Amino acid sequence: MINYDELKKKYERLGIEVPKREMIKTPEQIEGIREAGRINSLVLDEVAKYIKPGISTQDIDDIVARKTKELGAICAPLNYEGFPKSVCTSVNDAVCHGIPNEKQILRDGDIINVDCTTIYNGYYGDASRMFLIGNVSKEAQDLVRVTKEALELAVKEIKPYSRLRDIGFIIEGYCKRHGYSVVHEVGGHGCGVDFHEDPFIYHYGKKNTGMVLFPGMTFTIEPMVNMGKRGIFLDSSNDWTIYTDDGSLSAQWEYHLLMTEDGLEILSK
Ligand code: MF3
Ligand code: CO
Ligand code: CO
């Protein structure tokens, strides 16, 4: 475990923002969050078994609700700030927070993000994956792959005592080099003892700026990447779902991470 007070003094002398004490999880909390992350990935594995053309996004909700219950856990999205379902399902130009619906049938060529958050023994695990439905265009496959590569590049490069905004610098740089844009308004977040904790994790930013990252922090990185422009709008009919302004496809992958003395450990993906 880190000596928080000593590190705080050191980085404050350098004029660098330091994480709040409660952002550094105890070994006991880390064990609980690790377990919640493991369970959360099992729920996503279950979705992977059944997702295919012809099923509805409500069917995905049913799979998530059933498997989560079977594992003795709770779906965090259900009733979270009024969210009506157990999982987020975001299809094609939906950027995030899509609401499962029995009338929304997955068709050949669709891309979908399934975002699961699980509460287990009071701790949270949060991750999302993209699924390709049937035969997907080369363009859409590339978007999905590059979005995952951007996330994995950040996971590989970010080390303890890296700066927060390096995460976004790496991700947006990589995506822009492939001709894509990154959504700015929605980001990752501290996660583990609560669903959405500080800090906000930007997916864009200036190198070598922002808070220093200490071992013991648990947070998500979850870039939303658009094939066209980065502009988005909120669906006013449900006040949840976000779409690309220009109707272009959007992809997202989310990993739940622990900062260790060696680098980022994946708790859920
Ligand atoms: N799982 C999403 C995230 O990664 C949050 C969804 S909030 C909900 O932060 F209410 F829509 F479920
Ligand atoms: Co999520
Ligand atoms: Co999240």
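This is a predicted model: local features need pLDDT of at least 70, side-chain atom pairs count only at pLDDT 80 or more; totals for chains, interfaces and linings use all residues.

**Entry 1: the cobalt ion (ligand 3).** I looked up which residues hold this ion, and found D126 (OD), H189 (NE2), E222 (OE) and E254 (OE). These protein donors lie 2.0 to 2.2 Å from the cobalt ion (ligand 3). Along the sequence I can write their spacing as D-x62-H-x32-E-x31-E. I then checked the angles among the six donor atoms: they run from 51 to 160°, and the site is irregular.

**Entry 2: the cobalt ion (ligand 2).** Here my list of donors reads D115 (OD), D115 (OD), D126 (OD) and E254 (OE), at 2.0 to 2.4 Å. The spacing of the donor residues is D-x10-D-x127-E. What makes the arrangement irregular? The six donor atoms subtend angles of 58 to 167°.

**Entry 3: the two ions together.** How far apart are the cobalt ion (ligand 2) and the cobalt ion (ligand 3)? I noted 3.3 Å, with D126 coordinating both. D115 sits in strand β4 (residues 111–120) and D126 in strand β5, 11 residues apart.

**Entry 4: buried or exposed?** D126 has a relative accessible area of 2%, so I marked it as buried. E222 is at 6% relative accessibility and counts as buried because the cut-off is under 20%. D115 went down in my notebook as buried too.

Note on methods:
Residues are numbered from 1 along each chain as its sequence is written. Chains are lettered from A and ligands numbered from 1 in the order in which they are written. Side-chain values use heavy atoms; hydrogens and water are left out. Donors are N, O and S atoms within 2.8 Å of the metal (3.2 Å for Na, K and Ca); water is not among the atoms, so sites may look incomplete. Four donors count as tetrahedral if all angles lie between 85 and 135 degrees; four count as square planar and six as octahedral if opposite donors are over 155 degrees apart and all others between 65 and 115; anything else is irregular. Buried means under 20% relative accessible area, exposed over 50%, partly exposed in between (1.4 Å probe, protein chains only). Helices (H or I, at least four residues) and strands (E, at least two) are DSSP runs, numbered from the N terminus.
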